[in-house]
Amino acid sequence: MHRTIIWIGIAALLGAIITLMGITAPTAAQAPLPDSIPPGEPDTESLLDLHFQLQNYYNHVLCVSGDGSCPADVTVTVPNLTAPAHYQIIYPIQDTFTTIQAAADTAQPGDLILIMPGRYAGVEIEGTGGEDSAYIHFLGWGDPGSVIVDAPADPEKSYLRHHFYFIDAHHYIIQNIAFEGAEGAGVFVSGYFSATGHFAHHFIFMDLYSHDNGTWGLHTTSTSSVVIQDSTFTGSREEHGVYISGSGDHIFIRRNVFQGNAAAGLQVNADPQTATEELFWWLHNATGDTCGISEDDVWLTEWQTVKDCYDAQGLPDLGLFIEDGISTGLRIEQNVITGNGAAGGAGINLASVTWSEVRNNLIYGNDAAGIACWDNAYAAEKELASSRFGCYSLNIYHNTIVDESGNRGALILNQDARNMWVYHNIIVRDRFDAYEITGRSGAGLTSFGNAYSAQWIEDSPDIAQIDTDPDAGSITGFSVSEALDQFVAPGFAPWVLLDGAWPGLNPDRPDYHLRPASAWATLAQNQALQYDLLGDPRGGAAIGALNPAAGSKGDTALARFISNIPHPLTPSPSMARENQVMSLRQDSPFLHLGWGKGVGGIGANQDLVEKIPRQTAITPPTITYRLAGDDYNGHIYRVVAEPGAEPESLTLALDALAPRSGDPAINTVDEWVNISPDGQWLLISTERFDPECEGWACLVLLPSDVSRYEVIRAGGAVIHAEGFSAVGRGGRIIVYPASGGPHAVDLWAIARAEDGTWSDPILLTGDSPYNWHGHPAINDYGPSSTFDCGDAAYGQEVTAICSVMHDGSYFSVDLTPENGELGTALHHPSRASLATSAFVFEADWGNTERIWIALWDMDQAQFISTLGKEDFTNDNSPCLLPDDRIASLWLNRPGNDPGYHELKVMEPDGSDYFMLVTDSDVLDTGLGCGGGLAGE
């Protein structure tokens with residue numbers, strides 16, 4: 001089966017290649033001014049990039065204007081969650097509407113709905129949405145606060161109490177809109193699991209002002225994979241600023257202000273009782289078989305009992321999208337939470353939340369608790385002695401919680417909260433239970449390096465007394481006034497002022513930087529974070545959310561995400577993404593990648609942490625290769641992709657771990673080397689390290705500092721790859737060619753399991769019509785690989801380029817020699833780029849090998865070699881660097897009399913280049929390209 005190429009090329013190529021090919025496309029404008037996104041933690045950035053794949057450009061732009069007046073065209077960029085914008089693009093307006101609902105009813109995946117300044121009714125959306133790399137984007141146009149939604153889509157519908165209302169929807173972005181005066185929520189999202197058996201998913205909320213709504217500013221239930229950032233939620237009259245409920249997983253909540261809401265600023269409650277009822281009603285509606293459980297007694301029935309009923313009926317495994325009464329994979333960071341809780345709750349109220357991180361938050365002046373963890377009273381209501389739904393494996397660190405008084409403690413672990421890490425927090429409240437551990441909580445608690453005014457432990461028999469041992473490094477027993485003396489300018493004034501169309505920073509807000517002379521400024525035992533609340537680099541050993549500073553309120557830094565929200569009439573952040581439209585099966589062993597509970601996190605399985613350390617160092621773009629033959633020493637090397645860089649012999653570096661016999665100047669055991677896209681991992685084929693590898697090279701994985709090694713074992717055996725193989729970012733997936741399948745050589749994949757072991761090999765090319773498969777390139781930001789495929793080995797005649805998902809599904813032939821008369825063989829594809837959706841490859845068009853690039857929706861590829869200053873004939877083995885430059889091997893360069901393969905680096909359009917390795921013969925088996933910020 002052939003499939004049309006749908007990947008979108010890099011912005012730098014739009015002008016040159018599109019013009020040459022005669023393709024009509026949106027016009028690329030000049031590069032934008034620097035954007036104002038504050039830096040994020042690398043581990044958060046990694047997860048965002050891996051799992052929220054935004055498009056590179058919009059398919060169509062629809063315009064909404066109350067009076068029907070819209071411009072003929074607009075200049076805008078697709079937003080990005082983690083990196084600066086690249087280019088503006090000018091789009092014509094495809095169609096004009098007078099209501100947001102009419103535009104939403106027309107929108108297709110990948111469309112932008114541009115809303116002109118004015119007041120509008122909202123939308124009601126059910127069962128529709130975008131897709132990966134094709135989100136539907138609602139964007140308010142103009143100054144923040146100029147687009148206001150103050151009514152539901154249809155006030156005649158009694159159930160429609162919310163302004164933006166999404167049911168069983170997915171892949172939407174809502175940006176730069178003010179929501180006000182809703183009876184229920186400004187924005188409401190639900191999978192409506194009991195009726196649909198689905199979750200809503202992949203919603204991005206950014207630059208919102210949701211205020212003075214009846215119940216919530218934003219409420220999601222049965223909704224997973226959500227980003228909420230750079231927004232203000234205030235004035236919810238009955239409950240919470242934001243309420244995440246219904247077992248939602250993988251929620252990122254960062255850089256927001258939650259101020260003056262009646263109950264919690266942020267409530268995350270997985271609702272285990274409701275999950276029991278939702279699963280019951282899904283069974284009732286779907287099959288009618290509830291295993292004898294009636295509506296009257298379900299309130300006393302445990303969730304597991306209903307789940308056992310579900311499983312007994314052979315119904316599909318819903319995987320992550322099931323009401324299980326637990327929320328996992330949350331990141332709550334860099335938020336300011338103040339003035340909430342008059343009706344109870346907490347600044348951050350967490351119930352049945354697991355494997356999540358709460359860090360770098362400033363929580364002050366709240367009437368209720370600061371941070372509370374509990375089980376939603378599940379045990380009490382179900383009449384149980386204890387609950388499996390208490391918070392579990394939460395990391396709570398580097399938060400500042402300060403109040404003079406209040407109706408609850410400042411940090412509360414209650415109702416079976418266990419396996420917690422609590423460290424480097426400031427916990428201040430004039431109560432005996434400022435730091436409270438009650439209700440069977442505290443088992444497995446690790447608590448150290450905190451400053452807390454008082455501690456109370458009750459009804460927690462499995463806990464040992466904590467934090468009072470001098471080795472714990474905590475400070476306690478101080479008064480509130482003594483605590484306030486530690487800060488530059490403490491106080492309880494509101495953080496933002498609400499007297500305009502959009503919140504503005506209060507010039508009289510408090511400053512909770514620690515004084516440099518404070519004893520708390522040196523209390524931290526390590527620095528687990530790179531940045532503080534304001535996005536400023538962390539240094540020293542200060543606890544709490546902010547670095548020590550003399551008199552700085554962080555005016556510039558915090559304005560970046562509260563007061564100076566990127567103006568939509570100027571470029572909003574953007575970065576190219578791969579257009580990955582397929583998803584892994586729900587039973588795939590690869591689903592956990594990037595979301596593995598505890599992977600790389602504090603409190604994770606320690607064996608796994610040893611094997612996959614959290615890396616945060618910046619690695620420059622790097623190329624790996626091997627020199628040919630004994631005459632050229634045969635060592636494996638890496639070299640930074642900059643002119644004049646000195647190559648490093650990895651063979652000699654490996655000798656420190658496992659010395660070779662014989663002449664050290666000649667490599668006899670290392671076969672080839674590849675590098676992960678993030679530059680943090682090296683995959684080698686070598687005869688070192690294990691007796692089973694002697695005489696028959698095995699796959700070995702090493703961190704980039706070559707400090708240790710792991711001989712890869714899958715299915716109980718070492719792996720003898722039959723050719724160049726690939727490792728993904730984070731060292732979590734390996735794709736390699738080997739026999740043993742239905743063809744002469746197939747591709748196989750293995751993934752790092754949650755316990756640190758490797759999965760059994762998964763056959764990827766079982767559906768292939770070809771007999772030989774090799775040279776895989778893992779597609780960064782997508783769970784698939786692109787590779788050589790053909791009926792002859794080693795890239796000979798009639799070799800094509802294929803791709804497949806990492807569970808063996810969606811095998812496709814992407815490009816064959818018949819496409820564009822490219823020659824008789826296409827091979828060495830590379831798509832492992834951070835910012836590129838095109839792929840490059842080698843083809844023997846015109847009796848000479850050149851580097852080509854495949855773009856857009858077309859049946860021909862455009863080779864890039866002749867777009868620049870040189871006609872690089874005999875150009876081989878390309879790989880894409882993270883900055884979109886292309887490394888390749890130039891054979892028979894003019895002046896290269898021996899006819900070596902020499903290493904060249906060129907611009908993505910071929911317009912400029914430099915030679916990196918000359919006068920040595922680089923083996924033409926495969927180059928590796930990787931580097932950049934770890935976890936990007």
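How far is the sulfur of Cys391 from the closest cysteine sulfur, and in which residue does that sulfur lie? I looked this up in a predicted model, where local features need pLDDT of at least 70, side-chain atom pairs count only at pLDDT 80 or more, and totals for chains, interfaces and linings use all residues. Residues are numbered from 1 along each chain as its sequence is written, and side-chain values use heavy atoms, with hydrogens and water left out.

I found the closest sulfur to that of Cys391 in Cys373, at 4.1 Å, which is too far for a bond. I noted Cys391 as buried (under 20% relative accessible area, with exposed over 50% and partly exposed in between, 1.4 Å probe, protein chains only), its value being 0%; Cys373 is buried, also with 0%.

With the bonded cysteines numbered in sequence order, I read the pairing as 1-2, 3-4, 5-6, 7-8, 9-10.

I looked at Cys291 and Cys309, whose sulfur atoms are 2.1 Å apart; the torsion about their S-S bond is about 90°, so the disulfide is right-handed. Cys291 is partly exposed at 44%, whereas Cys309 is buried at 3%.

For Cys693 and Cys698 I noted a disulfide with sulfur atoms 2.3 Å apart, left-handed with -115° about the S-S bond, and both cysteines are buried.

How values were computed. Disulfide = S-S within 2.5 Å.
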